[in-house]
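Here is a quick tour for someone meeting this structure for the first time. Have a look at it, then read on.

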Amino acid sequence: MLDFSPVSPNSSRNKTVLKHKNSRLLSTSPYLIVGVFAEDARARGGGFLGDILLFDPAKEELLTVRDKTVSEELICSKVMGASHGWGFFSDLRNHNSVRITDFFNPLASKSDSKIIPLPPLTSMIYGQTEVVWNVAMSSSSPYRQDNEEGDCVVAIKFLGNQLSMCRPGRDLAWTNKLIPFVGFENSNLMYSKRDQRFSLPAPGGNYLCSWDLHFENEPKFTELLMDSCFREDHWVESPSGQSFLVKWYSHVPPIRCKEPMVMVFRGPRHKRGNKTMSYTEDIGDLCIFLSKSEPFCVVASSFPGLKPNSIYLMGRCFAVYDITTKTSRHFERPKGVPESLTNFLPYWLPPFSI
């Protein structure tokens, strides 16, 4: 949940956080959402002024987006997920009321965030909409006019058997699907541009369950030929379309102080209708970002400071993991983060560009 704690414009926080750069950014680093702090001042047109705090893993420092207008709609909402840098918010008074916004985009308008209402969520007989596991989008923008590939489809995976999909600005209701297996809470939904399908690793990571963008078709199961592994599974694609299955091992019960255990499988190679995955310790000049948002992959050399052949983790730990050496380095608390902020929002944001 966002922290909209009021703070004085003259507080020490405003003196210690990093100042905005005056240069016009063409492309940003990936960021982690640290938090949002609303100030006492009212914004013109309604709402409050606030600061967005973002962590830059390339520079390992805090970026502050100052004087952002926090509308009344967002003040009464909480973050339920993020995909392609767009935040999904649910109303605190009615969790079935959902909006998408570019509020966290540091390059977007400070005074006029884009907010797109979605149809009210509806529960299936064996589903529920109270707890969201993660969200995914089929394109980088939910606006129809921004998408050369067609309408954007958004999908929400709930903590249960329910998967809901809709087209923002077009559909008047969600299409609900029953996920056809159990024990799936640790698998993250993502959208494959290459396959044009939403994909969800089945428990153990031996099968990939996927849905197309037409909703009416049944899910497709693809066997992943590899040894059975355990727990949190992330399917991610590189900018060039190469696929990886990342397995983030869990301690039972979860222990935050323990070093992360991660395995990466490259693929797929198609063989007799199956996808053959191969274990790898080298993904080259790439780094992968895993959190509660849709996983993504960037070219490390495009963002000086990022570590190639690494995985940036946010969840049970806040660290960067070297795939080859199997070692991790935990991030220190960024300077300038208010002491009252004890937990960061677990969402990595992909690079923004204009």
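Of the contacts in the protein chain with a separation of 6 or more, 53% are between residues 24 or more positions apart; contact here means heavy atoms within 4.5 Å. What you're looking at is a predicted model, where local features need pLDDT of at least 70, side-chain atom pairs count only at pLDDT 80 or more, and totals for chains, interfaces and linings use all residues. Residues are numbered from 1 along each chain as its sequence is written, and side-chain values use heavy atoms, with hydrogens and water left out.

**The chain as a whole**

The secondary structure comes to 2 helices and 25 strands. Both kinds of element are DSSP runs numbered from the N terminus (helices are H or I with at least four residues, strands are E with at least two). Of the 354 residues in the protein chain, 55% count as buried. Buried means under 20% relative accessible area, exposed means over 50%, and partly exposed is in between, using a 1.4 Å probe and protein chains only. The accessible surface of the protein chain is about 16,000 Å², and 52% of that belongs to carbon and sulfur atoms. Those areas come from the Shrake-Rupley method with a 1.4 Å probe, and for residues only the protein chains shown count as cover.

**Two open sheets**

Strands of a sheet pair through backbone hydrogen bonds, either parallel or antiparallel. For pairing to count here, DSSP has to find at least two bridges between two strands.

Take the open sheet of 4 strands with the order 4-5-6-7, where the pairing is antiparallel. Strand 4 (77-83) and strand 7 are at its edges with a single partner strand each, so one side of each has no neighbour in the sheet. From one strand to the next, the twist averages 30 degrees; the axes behind that are lines fitted to C-alpha atoms (for helices, over the stretch in contact), with angles running from 0 to 180 degrees between N-to-C directions. Within this sheet, strand 4 and strand 5 (residues 86-91) pair in the antiparallel sense over 6 bridges. Ala82 sits opposite Gly87 of strand 5.

Another open sheet of 4 strands runs in the order 8-9-10-11, also with antiparallel pairing. Its edge strands, strand 8 and strand 11 (175-178), each pair on one side only. Here the twist averages 20 degrees from one strand to the next. Strand 9 (residues 154-158) and strand 10 (residues 162-166) are joined in the antiparallel sense over 4 bridges, and Val154 has Cys166 in strand 10 as its bridge partner.

**Charged pairs**

Side chains of opposite charge can pair when their charged atoms come close. A salt bridge is a side-chain nitrogen of Lys or Arg within 4 Å of a carboxyl oxygen of Asp or Glu, and by this rule the count comes to 10 salt bridges. Here are some of them.

| Pair | N to O distance |
|---|---|
| Glu73 and Arg99 | 3.4 Å |
| Glu232 and Arg316 | 2.8 Å |
| Lys247 and Asp233 | 2.8 Å |

What does the Lys247 and Asp233 pair tie together? Lys247 is in strand 17 (residues 243-249) and Asp233 is in strand 16, so the pair ties together parts 14 residues apart in sequence. Both Lys247 and Asp233 are buried. Salt bridges that share partners also join Glu73, Asp91, Arg93 and Arg99 into one network.

Arg42 belongs to strand 1 (residues 31-42) and, at 49% relative accessibility, counts as partly exposed. Leaving aside neighbours within four places in sequence, Arg42 is in contact with Gly47, Phe48, Leu49 and Glu72. Val70 is 28 residues from Arg42 along the chain, and their C-alpha atoms are separated by 9.3 Å.

Is Ile125 buried or exposed? Ile125 is exposed, with a relative accessible area of 78%, and lies in the loop between strand 7 (115-117) and strand 8 (132-137).
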